[in-house]
Amino acid sequence: VMLDFLRRADLTRLHLMSGGMIRLNWAIGYKGLAALQQTTPEEYHQRVLEYYARTAKGNPGDLNFKGSVSHIQRMQEAPLWLEE
């Protein structure tokens, strides 16, 4: 539980990572910065689309493929503070 909290807290320091974005990342299987740094924009975007199709919670909005590329690029450039 504590590690989960630390992973979420670590993400809050990053640009454009609000609570909603963090919840989305958890829901699609990315449990922290290290996991986001290891994915590709294509895989990430596919998971986002599958999540919205599965849950019927609206649509990805501005998280189109270009947004996914930008998001993953920011995650890959972020310094990793929490080492596991």
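Trainee: Gly32: buried or exposed?
Mentor: Gly32 counts as buried, because its relative accessibility is 2% and the cut-off for buried is under 20%. Keep in mind that this is a predicted model.

Trainee: Where does Gly32 lie?
Mentor: In the loop between α2 and α3.

Trainee: And what does Gly32 touch?
Mentor: Leaving out residues up to four places away in sequence, Gly32 touches Arg7, Leu11 and Trp26.

Trainee: What does Tyr44 touch?
Mentor: Not counting residues up to four places away in sequence, Tyr44 touches Met21, Leu24, Asn25, Ile28, Tyr30, Leu36, Thr39, Leu63, Ser68, His71 and Ile72.

Trainee: On to helix packing. How do the axes of α2 and α4 cross?
Mentor: The axes of α2 and α4 cross at roughly 95 degrees and come within 10 Å. That angle makes α2 roughly perpendicular to α4.

Trainee: Which residues make the contact?
Mentor: From α2, Met21, Leu24, Asn25 and Ala27; from α4, Tyr44, Val48, Tyr51, Tyr52 and Arg54. By class, the contact of α2 with α4 has seven nonpolar, one polar and one charged residues.

Trainee: What about α4 and α5, at what angle do they cross?
Mentor: Roughly 125 degrees, and the axes of α4 and α5 come within 9 Å. The two helices are therefore oblique to each other, and their crossing is right-handed.

Trainee: Which residues of α4 and α5 meet?
Mentor: Pro41, Glu42, Tyr44 and His45 in α4 meet Phe65, Ser68, Val69, His71 and Ile72 in α5. This contact divides into five nonpolar, three polar and one charged residues.

Trainee: Staying with α4, how accessible is Arg47?
Mentor: Arg47, which lies in helix α4, has a relative accessible area of 27%, so Arg47 is partly exposed.

Trainee: What does Arg47 touch?
Mentor: Ile28, Gly29 and Tyr30, again not counting residues up to four places away in sequence. The C-alpha atoms of Arg47 and Gly32 are separated by 15 Å, and the two are 15 residues apart along the chain.

Trainee: Now the loop between α4 and α5. What about Asn64?
Mentor: Asn64 has its place in that loop. Asn64 counts as partly exposed because its relative accessibility is 41%. From C-alpha to C-alpha, Asn64 and Thr40 are 14 Å apart, with a sequence separation of 24 residues.

Trainee: Last one. What is phi of Leu16?
Mentor: Near 70 degrees, a positive value in a residue other than glycine. Most residues other than glycine have a negative phi.

Trainee: Where is Leu16, and is it buried or exposed?
Mentor: Leu16 is in the loop between α1 (2-12) and α2. Leu16 counts as exposed, because its relative accessibility is 53% and exposed starts over 50%.

Note on methods. Residues are numbered from 1 along each chain as its sequence is written. This is a predicted model: local features need pLDDT of at least 70, side-chain atom pairs count only at pLDDT 80 or more; totals for chains, interfaces and linings use all residues. Side-chain values use heavy atoms; hydrogens and water are left out. Contact means heavy atoms within 4.5 Å. Axes are lines fitted to C-alpha atoms, for helices over the stretch in contact, and angles run from 0 to 180 degrees between N-to-C directions. Helices (H or I, at least four residues) and strands (E, at least two) are DSSP runs, numbered from the N terminus. Angles under 35 degrees count as roughly parallel, over 145 as roughly antiparallel, 65 to 115 as roughly perpendicular and the rest as oblique. A crossing is left-handed if the near helix is turned anticlockwise from the far one by less than a right angle, and right-handed if clockwise. Ala, Val, Leu, Ile, Met, Phe, Trp, Tyr, Cys and Pro count as nonpolar, Asp, Glu, Lys and Arg as charged, and the others, Gly among them, as polar. Buried means under 20% relative accessible area, exposed over 50%, partly exposed in between (1.4 Å probe, protein chains only).
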